[in-house]
Amino acid sequence: MIKLILISSFFVFINGDFETESLCGDHNATSKSIIDYCISQNGSLKFRCCFLSNSSNILAIDLTEMKLNKVPDLKEFTDLTNLTMVDLRLNPQLESSTQDDFFGMLSLDYLYLPEQYPCPGEKHAWQSINQTIDPKGILCMYQKDVCINSTNFCVEPNSYCATNGPNHFFCLCKTGYYGYKCLRHGQFPMGKFFGISITTTIVLSIFFFWTQRRHVKKD
Amino acid sequence: MSANINSSQETANNVDVRLPQRPSKHRYTLYHLSTFILTFVSYAMLHAARKVFSNVKSTMAEEWSAVANETLNPIKPDQIWNQTRLFRSPGDATIFLGVLDAVFMFSYSFGLFVSGIMGDRFDLRIVLCLGMVITAVVIFLFGVVSEWLHIYSVAWYVCFWILNGLAQSTGWPCVVAIMGNWFGKEGRGFIFGVWSACASIGNIFGAALAAAFLSYGYEYPFLVCAVLLICCAAICFFAIIPSPEDVGAKEVEISVEETPTTTVDDQETSEETELVVTTQEPTTNRPITFFRAWLLPGVAMYSLCYACLKLVNYSFFFWLPFYLHSKFSWQESDADLLSTLYDVGGIIGGIVGGLLSDFVGLRSIVVVPALLIAIPILFIFSNLANNKAINGVVMTVTGVFIGGPANMISAAITADLGRQEVLAASDQALSTVTGIVDGTGSFGAAIGQVLIPIIEKHWHDWRFVFYFFVLMMFITCCCILPLFVRECKIVINKIKSRYSANRQRAYDTL
C-alpha cells in the first residue's frame with residue numbers, strides 16, 4: 001500500500017494534467033455507480049478506488065469531477081487487468097485520444113464517460129452504449145473482442161491479434177515464432193553445426209595434406 | 001647436367017610426381033582432380049556468400065525498420081513492431097541495400113586489380129586462403145555481430161561491405177591462376193567451361209543456405225557462410241598446390257617440348273642438385289608489372305570487351321527477376337526460378353563454346369559469332385508475350401549466347417592471355433592478367449548497376465534497357481573484332497594449306 005502511494009505520488013509529480021495528489025486521492029468516492037458496484041463485488045473502498053478484497057488490484061475507480069482534460073495514463077502505476085469500472089463523468093474538458101486511452105484495460109466492462117466523449121471504438125468495441133442522466137454522460141458496457149470482428153488487424157506474417165483493452169489490440173507472435181517482427185522460428189543448432197563442420201574440416205585437411213601438400217618441395 | 005636438372009624435379013619415392021613429365025598431352029593426375037575440386041569449391045563458397053546476402057536482403061530490410069506505417073491502426077506492441085533501428089520503413093532500407101550492392105561492386109572491381117598483382121607476387125595459396133578468412137571475418141562482423149550486439153549503423157555496414165568487396169576479390173584471380181597453372185592450353189576450353197559453373201553452383205548453394213537457416217534469424221545464414229568459408233580456407237591451406245612445379249612436376253605445356261630423360265633416383269645428390277637448379281633457373285617467381293600486363297596482346301581488348309559483356313551479364317542476374325516480376329507480375333519465387341534458367345544457359349554455353357574453341361584451337365572465332373547471335377535474341381526477349389514456357393526457353397538461349405561467352409572470357413580466355421607465348425616461361429602474369437580482365441569487367445558491371453535504374457526511371461520503359469544492352473553487346477563485339485579478323489585469317493590459311501596439301505597428296509598418289 002505504501003508502495004502504491006509512493007508510486008502514485010511520483011506519478012502525480014510527473015503528470016501535470018493529473019492534478020490531484022494521488023490516483024486514489026483524498027476525498028471519498030462520489031459516484032453512485034462505483035460505490036454500488038464496489039459493494040456488490042465485496043471490494044474495499046479506499047477514497048476513490050475500489051480494491052479487490054484484500055489485494056492491491058484496483059477493481060473500480062472514480063475519476064469524476066477532477067477537471068481532467070485527458071484520460072490519465074493509469075498503466076504506469078498499477079495493474080489494470082482487473083479494472084472493471086471507470087467513471088469519468090463530470091469532467092467537461094476531457095478530450096479523447098484514441099491512441100492511448102484505456103490501453104491495456106482488458107476487463108473494463110463499465111465505462112462512464114462525459115457527454116462529449118464518445119465510446120472508444122463505438123459499436124465495434126462495446127456491446128451496448130447507453131446514455132446516463134444523473135450525472136449526464138455515456139455508459140459503454142461490455143467490451144467486445146476487437147480481434148474477432150476485424151481480420152485485417154494483424155496482417156504481418158506469423159502474428160496473431162490479441163485484444164488489449166477497449167478498441168485496442170496487440171499483435172503477438174504465434175507460438176514458435178519470436179524476435180523482432182516475429183521473424184524467428186526455432187533455435188539454431190549451434191553445437192551440431194560447429195561439431196560437424198569442425199570435424200569435417202579436420203578430416204579433410206588431414207586427408208588432403210596426406211595426399212597432396214606432403215609432397216610439396218620447399219626451396 | 002640435364003639429367004641433374006631433371007632428377008631434381010622429382011623426389012625419388014614419389015610415383016605420382018613423375019607422371020606429368022611424360023610427353024603425353026592429356027596426362028591428368030590426382031593433383032589435377034583435387035585442384036579442380038578445391039578451386040571450384042573455394043570460388044563457389046565465395047559466390048555463395050554473395051548470394052546469401054542478396055537472398056537475406058528483404059529480411060534485413062525488415063529487421064532494420066519499423067512496420068510500414070498504418071496511421072489508422074498502428075501495430076502494437078512497439079518492441080515487436082515499431083523499433084526504428086536504422087530506417088523508418090523497409091522501403092528506405094531497400095534503397096540502402098541497393099547502395100551497398102553498388103559499393104560492393106566498385107570495391108570488388110578495384111580489389112581485383114590489387115589482388116591480381118598480389119597473386120603473382122605471393123604464394124597463390126596463401127593469398128586465396130587469407131582472402132577467404134578475411135571475407136569470413138568481415139561477413140561475421142557485418143551480419144552476425146551487428147545483430148547480436150544491435151549495432152545498427154550505416155557506417156558499420158558500408159565499411160564492412162567495402163572490405164568484403166576487397167577481400168572477396170582475391171578469389172577469382174587466385175583460382176584462375178591455379179587452374180591455369182595445372183591445366184594446359186589443350187582441353188582448357190572444355191575444362192574451364194565446366195569449371196566456371198562454380199559461380200552458378202555457388203549461387204544455388206548460397207540460396208539453399210539462406211533458405212535453410214533464415215528462419216532462425218537472418219544472422220544465421222551469414223554465420224553458417226562465414227564458418228564454412230573458414231573451413232574451406234583451412235582445407236585449402238592444407239591442400240592446394242598452386243602450381244605443378246611445387247611438387248616437382250613440370251607444367252603441361254612445357255613438358256610437351258621437353259624430352260623425357262631417364263630418371264636418376266639418387267637421393268644423395270638430390271639436395272645438391274636442388275641448389276644447382278635454384279641458381280640455374282632465372283627465378284621461378286618473376287612477376288610482370290601491372291602496366292606490362294595491360295600491354296600484353298589481347299589483354300586490353302578483352303578487358304574492354306568483358307567490361308561491356310559483364311555489364312549485360314550481371315544486369316541480367318540482378319534485374320531479371322525484378323523485370324519479370326514487374327512486367328508480367330509473376331510471383332517472385334517463380335521469377336527467381338525462371339531466371340536461374342539464364343544461369344543454366346550460361347553453363348551450357350560456356351562448356352559448348354569451350355569445346356568448340358578447343359576443337360578449332362582458337363577462341364575469339366567462337367566468341368564473336370555467339371555475341372552477334374545474342375543481339376537479335378535480345379530484341380526477341382524484349383518483346384516476348386506473357387508465357388512462362390516461351391520465356392524460359394528464350395531465357396536459356398540468351399544465357400547460352402551471353403552468359404556462355406562471359407564464362408569463356410573470364411576463365412579460359414583469361415588463362416590463355418596470362419600464359420601466352422610472348423611471356424617467358426618464368427614470367428608470372430596469370431593472376432595479374434585475370435585481375436585486370438575481371439577487374440575491368442566488374443567495373444563495367446558496377447556502372448551497369450547504377451545505370452539501369454536510371455535508364456528505367458528516365459524513359460519508364462524496359463525496352464530502353466534492352467536497347468542499352470544491345471548497344472553494349474555491339475561494343476563488346478567491336479572490342480574483339482581485330483582478334484576475330486586475325487583468327488579468321490589463320491583458319492582460312494589453315495584450311496587453304498590443308499586443301500592444297502590434300503591436293504598435293506592426291507597428285508602424289510596419282
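Q: How do you know how confident the predictor is in chain B?
A: This is a predicted model, and chain B averages a pLDDT of 82, with 86% of the residues scoring at least 70. The scale runs from 0 to 100.

Q: Which stretches of chain B have a pLDDT under 50, and how many contacts does the model give them?
A: Residues 1–24 of chain B are below 50, though the model still gives this stretch 53 contacts beyond near neighbours in sequence. Residues 252–283 of chain B also stay under 50, and there the model has 41 contacts beyond four places in sequence.

Q: What scores does the predictor give the complex?
A: An ipTM of 0.77 and a pTM of 0.80.

Q: What makes the 145 residues a nonpolar core?
A: To be in such a set, a residue has to be buried, be of a nonpolar type such as Ala, Leu or Cys, and be joined to the others through C-beta atoms within 7 Å. The largest core has 145 residues, and Cys225(B), Ala226(B), Leu229(B) and Cys232(B) have the most contacts inside it. Domain 1 (29–69 + 85–244) and domain 2 (288–510) of chain B each give this core at least three residues. A second, separate core has 45 residues, including Leu94(A), Tyr117(A), Cys140(A) and Val146(A).

Q: Which residues is Cys225(B) said to be in contact with, leaving aside neighbours within four places in sequence?
A: Ala48(B), Ala49(B), Val52(B), Ile139(B) and Leu209(B). The cut-off for contact is C-beta atoms within 7 Å, so each of these pairs meets it.

Q: Why are strand 4 and strand 5 of chain A called a pair?
A: Pairing needs at least two bridges. Strand 4 (residues 85–87) and strand 5 (residues 110–113) of chain A have three and run parallel, so they qualify. Val86(A) has Leu111(A) as its bridge partner. Strand 5 also pairs with strand 7 (residues 137–143) of chain A, in the antiparallel sense over four bridges, and there Leu113(A) stands opposite Ile138(A).

Q: What makes up the side of chain A that touches chain B?
A: The contact takes 30 residues from chain A and 34 from chain B. Strand 9 (169–173), strand 11 (184–185) and helix 5 (190–211) of chain A each supply at least two residues of the chain A side. Helix 5 of chain A gives the largest share, nine residues. By class, the chain A side has 13 nonpolar, 11 polar and six charged residues.

Methods: Residues numbered from 1 in each chain as written. Chains lettered and ligands numbered in written order. Predicted model: local features only at pLDDT ≥ 70, side-chain atom pairs only at ≥ 80, totals over all residues. Buried ≥ 20, exposed ≤ 12 C-beta atoms within 10 Å, placed from the backbone. Domains from an automatic or database assignment. Contact = placed C-beta atoms within 7 Å. Nonpolar A, V, L, I, M, F, W, Y, C, P; charged D, E, K, R; others polar.
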